[in-house]
Amino acid sequence: LASTYLAVGEWDQARRELQGVLQLDENNAMALMNLSRLELITDNPDEVDGWLSRVLEAYPERADVALFAGDMFIRLGRGDQALEVLGAGVAAQPDSPALRLALMRQHYARADYDAVIQLAENLPEAQLAAEPQILEVTALSHAKKSNYSLASATFEKLVRLQPDSARAYLNYADVLVVAGEPGRAEAAFRKALALDPANVVINTEFVEFLARNGDMDAAREVLAAATELNEASAVLIGYQGWIDLLDKQYPAAAEKLAQAQAIQPDSARLVLLARALVYQQKNGAALAVIDSWLQDYPQDQNVLLHKAGLLLAQGEEERALQAYRDVLTFYPEHVPSLNNAAWLSRNVDTEGALALSRQALALRPRDPFVLDTLGNIEMLAGELPAALEHLQLAAQLAPADYQIQLHLAALLLQLDKHQEARTLLETIVAAADSPDYAREAREMLAEL
């Protein structure tokens with residue numbers, strides 16, 4: 001009866017039935033676990049602790065109890081206790097692959113990849129065959145540590161044990177992509193796709209792989225086949241638009257992206273639609289779709305920043321400044337927006353620009369671009385010693401950024417430090433990879 005009451009949500013009745021079971025058998029494991037589950041559902045964490053303590057005390061070496069308790073602690077947000085229970089369980093039952101996998105996944109979730117790998121060492125084939133996902137989490141841990149050869153070798157074992165697992169081949173392909181083995185990666189993608197041809201994730205990852213490797217025709221073939229199996233999929237139609245965008249077929253891209261947006265609105269896809277319109281010189285239309293989106297989602301950081309960047313590219317500095325201020329309304333510590341707002345307001349409100357720039361510097365004290373902006377605004381405000389300090393540090397942190405080096409040279413000239421300026425400008429002329437920077441440096445040298 002207790003299970004029936006639990007199934008239909010009759011919590012009080014279920015509680016009474018389970019407590020009745022315990023009157024007959026005080027250590028009934030199923031009743032103790034169901035009572036802890038019930039109290040979790042009804043938001044009684046202290047009661048959960050009590051029932052978990054009882055079942056763990058009664059059955060300290062049962063793998064199913066340790067698995068259950070670990071899961072309950074994870075649901076309660078107590079990762080340390082989950083690790084403790086699962087670790088004790090593995091120590092008591094080292095031959096339980098399910099328990100070992102649960103402990104490994106908890107370590108993986110906490111980014112303790114060394115612990116994952118250590119738990120997988122020297123395991124007998126029987127355990128791996130019984131729980132192949134041990135190999136998956138081990139391979140992913142090797143990949144997180146950039147040990148791609150070990151990750152690849154581990155995935156090879158996994159796909160031998162699970163030759164019909166599309167997921168295993170997909171993860172294998174992802175590792176091979178990062179490892180710089182495109183030929184083997186493509187083969188793994190195609191195997192995953194053959195096993196699950198309608199899977200949208202496999203199709204889109206494979207399409208991205210093909211497109212980024214320049215094989216647009218193959219990418220379109222994969223998309224066409226996937227679309228036949230997934231009619232009216234906004235994701236797949238959106239990817240068609242993305243491929244058209246990469247192929248510089250901007251009208252087709254805009255059409256497909258708009259079609260996908262009509263089916264399922266998506267922030268990232270909206271930005272691609274705006275780009276497709278901008279590439280057709282339809283800036284007004286791009287801003288219109290952005291503003292329409294922001295009416296419904298005013299705090300969408302990605303779209304807010306794209307709007308600001310678009311206005312800045314159009315030379316509409318006043319509107320761009322307002323767009324960056326809109327970002328700061330919702331994200332007051334967004335350093336790029338603080339930096340850009342400071343720069344755009346330098347001539348209309350120098351004191352306000354200084355305040356914004358110093359706020360950015362407090363958040364990122366060694367960001368050369370923040371230091372460069374502050375130094376230039378301090379020059380404008382006549383605070384030359386502070387400007388020199390900040391521009392020198394910016395130039396030191398970004399020695400290959402010749403725009404920053406030119407800003408420092410301009411200040412050195414203003415401070416009559418001609419020899420230092422000459423040395424710096426001659427270095428820029430000799431090393432700059434941009435003819436514009438070299439020309440500007442030569443013009444400043446000529447003034448000397």
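Buried means under 20% relative accessible area, exposed over 50%, and partly exposed in between, with a 1.4 Å probe and protein chains only. At 30% relative accessibility, Gln81 therefore counts as partly exposed. Gln81 sits in helix α6, residues 79-92. Helices here are DSSP runs of H or I with at least four residues, strands are E runs of at least two, and both are numbered from the N terminus. Gln81 and Met104 lie 23 residues apart in sequence and 14 Å apart in space, C-alpha to C-alpha.

This is a predicted model, in which local features need pLDDT of at least 70 and side-chain atom pairs count only at pLDDT 80 or more, while totals for chains, interfaces and linings use all residues. Residues are numbered from 1 along each chain as its sequence is written, and side-chain values use heavy atoms, with hydrogens and water left out.

**Helix pairs**

Axes are lines fitted to C-alpha atoms, for helices over the stretch in contact, and angles run from 0 to 180 degrees between N-to-C directions. A crossing is left-handed if the near helix is turned anticlockwise from the far one by less than a right angle, and right-handed if clockwise.

| Pair | Axis separation | Crossing angle |
|---|---|---|
| α22 and α23 | within 8 Å | roughly 155 degrees |
| α16 and α18 | within 11 Å | roughly 35 degrees |
| α18 and α19 | 7 Å | about 165 degrees |

Take α18 and α19. Their axes are 7 Å apart, at an angle of about 165 degrees. That makes α18 roughly antiparallel to α19. Angles over 145 degrees count as roughly antiparallel, under 35 as roughly parallel, 65 to 115 as roughly perpendicular and the rest as oblique. α18 passes α19 in a right-handed crossing. On the α18 side, Ser267, Leu270, Ala274, Leu277 and Val278 make the contact, against Asn283, Ala285, Ala286, Val289, Ile290 and Trp293 of α19. Contact means heavy atoms within 4.5 Å. By class, this contact of α18 with α19 has nine nonpolar, two polar and no charged residues. Ala, Val, Leu, Ile, Met, Phe, Trp, Tyr, Cys and Pro count as nonpolar, Asp, Glu, Lys and Arg as charged, and the others, Gly among them, as polar.

Helix α18 (residues 267-278) also meets α16 (residues 234-246). α16 passes α18 in a left-handed crossing. Ala234, Val235, Gly238, Trp242 and Leu245 of α16 face Arg269, Leu272 and Ala276 of α18. The residues of this contact divide into six nonpolar, one polar and one charged.

The crossing of α22 past α23 is left-handed. Val335, Leu338, Asn339, Ala341 and Ala342 of α22 contact Ala353, Leu356, Ser357, Gln359, Ala360 and Leu363 of α23. Here the classes are eight nonpolar, three polar and no charged residues.

Asn339 belongs to α22. At 10% relative accessibility, Asn339 counts as buried. Leaving aside neighbours within four places in sequence, Asn339 is in contact with Ala360, Phe369, Val370 and Thr373.

**The nonpolar core**

In soluble globular proteins, nonpolar side chains tend to be buried together. A nonpolar core is a set of buried Ala, Val, Leu, Ile, Met, Phe, Trp, Tyr and Cys residues joined through side-chain atoms within 4.5 Å. The largest such core has 140 residues, and Val207, Ile243, Leu425 and Ile428 touch the most other members.

Val207 touches Ala219, Val222, Leu223, Tyr239, Trp242 and Ile243, not counting residues up to four places away in sequence. Ile428 lies in helix α27, residues 418-431. At 1% relative accessibility, Ile428 counts as buried. Tyr402, Gln405, Leu406, Tyr437 and Ala441 are in contact with Ile428, leaving aside neighbours within four places in sequence. The C-alpha atoms of Ile428 and Met216, 212 residues apart along the chain, are separated by 40 Å.

**Positive phi in loops**

Most residues other than glycine have a negative phi. Asn122 has a phi near 55 degrees, a positive value. Asn122 lies in the loop between α8 (113-119) and α9 (125-130). At 78% relative accessibility, Asn122 counts as exposed.

Gln281 has a positive phi too, near 60 degrees. The loop between α18 and α19 (283-296) holds Gln281. At 67% relative accessibility, Gln281 counts as exposed.
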